[in-house]
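Subject: Structure handover

Hi,

Here is the structure I promised to pass on to you.

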Amino acid sequence: MKLFDVYPLYDIEPVQGKGCKVYDTEGVEYLDFYGGHAVISIGHAHPHYVKMISEQVAKLGFYSNSIQNSLQTELAQKLGEQSGLTDYQLFLINSGAEANENALKLASFYNGRTKVIAFKKAFHGRTAAAVNVTPDPKLVAPINKGFEVEFHELNDIESVRDSILRGDITAVIIEGIQGIGGIHVPTAEFLTELQAICNATDTVFILDEIQSGYGRSGKFFAYQYAEGVTPDVVTVAKGMGNGFPIGGVLIHPKFKPKHGMLGTTFGGSHLACAAGIAVLDVMKSEFLVENAATLGNYMMRELAKLPSVKEVRGLGLMVAVEFPFNVAALRKSLVFDEKCFIGSSSEANTVRILPPLSITKQDVDSLVEKMRAALVKTLEKELA
Ligand SMILES: Cc1ncc(COP(=O)(O)O)c(C=O)c1O
């Protein structure tokens, strides 16, 4: 059997990782400032994470959601404490798309409506409802177009307000910081007003923190830069498991659960919870949210000094660098000449930088030097 060929591949195979470094089959070291699409939060092969998962799989990896599982309760307790959302309720699933799928379902159960507001350049996942609120028509199959969606400009409160006030919107879904779209940050005023209009119309306000959450922005959730905002639903995945597939829907106390309303076979398994608890333990004991804030500021200042940079934007360790040219050659040179991974975005001129939250100042300096070297090579080739 062959693999279904949907991914363009770099001809490299990382087989081992440690902290923010990965190693290929020949033992060549790469600096990982991408974390496998913003997934690696506490660093590759962290000893506490390895121990917790290894011990749990040797005891009980999985049973079912019809029995007591105190690991789920411990995860919910720790997540509530560390995020500040102590009175929210947690529903566990396996991925980001599933988190948004369930968030949208919950909204529609809650107010009985079906129309959704989302934003241009957004990405919310590939499953039926999640992809329908993603504005890239290449990703949406005819079968996904099951409900009406309006896409508005990010930060344009006037246009969103008029739509919501018509009273037929079930939910507004917005990324804490737009990720794949090129790292665009909603303003605090926009989020605050959006929340107020949603509250006034009983529209469900969903914060997709799948990429921007779990400390990446320098706060536990990126929306927490907008003081006083309390979303109805927050969705998480990616950094939550540091590579183990786990996602979560954090649900405001105003939503009352009913047995059978939501469900999953694999979500919240013993093994997934052990991974999720290990991540939260390390984030707390190593002050990774604070590290993301401090080193993010430093990294943005240093990146802005590189030649040809048009703009550096983002928060914490969720950063974009925009250039006045297509960045494909720059990324290629970074991988093959400088042995360094960073990410692309849907904007051809913009790279995304999403390292593990455990990086050091030396790691940032190393990235900046590698970027400088790759830029010089790329610009020389362009001029030749
Ligand atoms: C903001 C955001 N939402 C949802 C998703 C979908 O997550 P997953 O690929 O785990 O389904 C992603 C993935 O990149 C994302 O960045």
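Two points before you start. This is a predicted model, in which local features need pLDDT of at least 70 and side-chain atom pairs count only at pLDDT 80 or more, while totals for chains, interfaces and linings use all residues. Residues are numbered from 1 along each chain as its sequence is written.

Domains

The protein is divided into domain 1 (14-46 + 287-383) and domain 2 (47-285), with bounds that come from an automatic or database domain assignment. Their C-alpha centres lie 26 Å apart. Domain 1 puts 27 residues into the contact and domain 2 puts in 30; two residues are in contact if their C-beta atoms, placed from the backbone, lie within 7 Å.

On the side of domain 1 that touches domain 2, at least two residues each come from helix H1 (35-38), helix H9 (288-303) and strands E11 (311-315), E12 (318-322) and E14 (350-353). Helices (H or I, at least four residues) and strands (E, at least two) are DSSP runs, numbered from the N terminus. H9 has the largest share of that side, 5 residues. By class, the side holds 15 nonpolar, 9 polar and 3 charged residues, where Ala, Val, Leu, Ile, Met, Phe, Trp, Tyr, Cys and Pro count as nonpolar, Asp, Glu, Lys and Arg as charged, and the others, Gly among them, as polar.

Leaving aside neighbours within four places in sequence, the contacts of Ile206 include Ala103, Ala107, Val172 and Pro231.

Backbone angles

Which phi does Ala38 have, although it is not a glycine? The value is positive, about 65 degrees. Ala38 sits in helix H1 and is buried, with 26 other C-beta atoms within 10 Å. The cut-offs are 20 or more such atoms for buried, 12 or fewer for exposed, and partly exposed in between, with C-beta atoms placed from the backbone.

Tyr214, also not a glycine, has a positive phi of about 55 degrees. Tyr214 is in the loop between strand E8 (204-208) and strand E9 (233-236), and counts as buried with 31 C-beta neighbours inside 10 Å.

Best wishes
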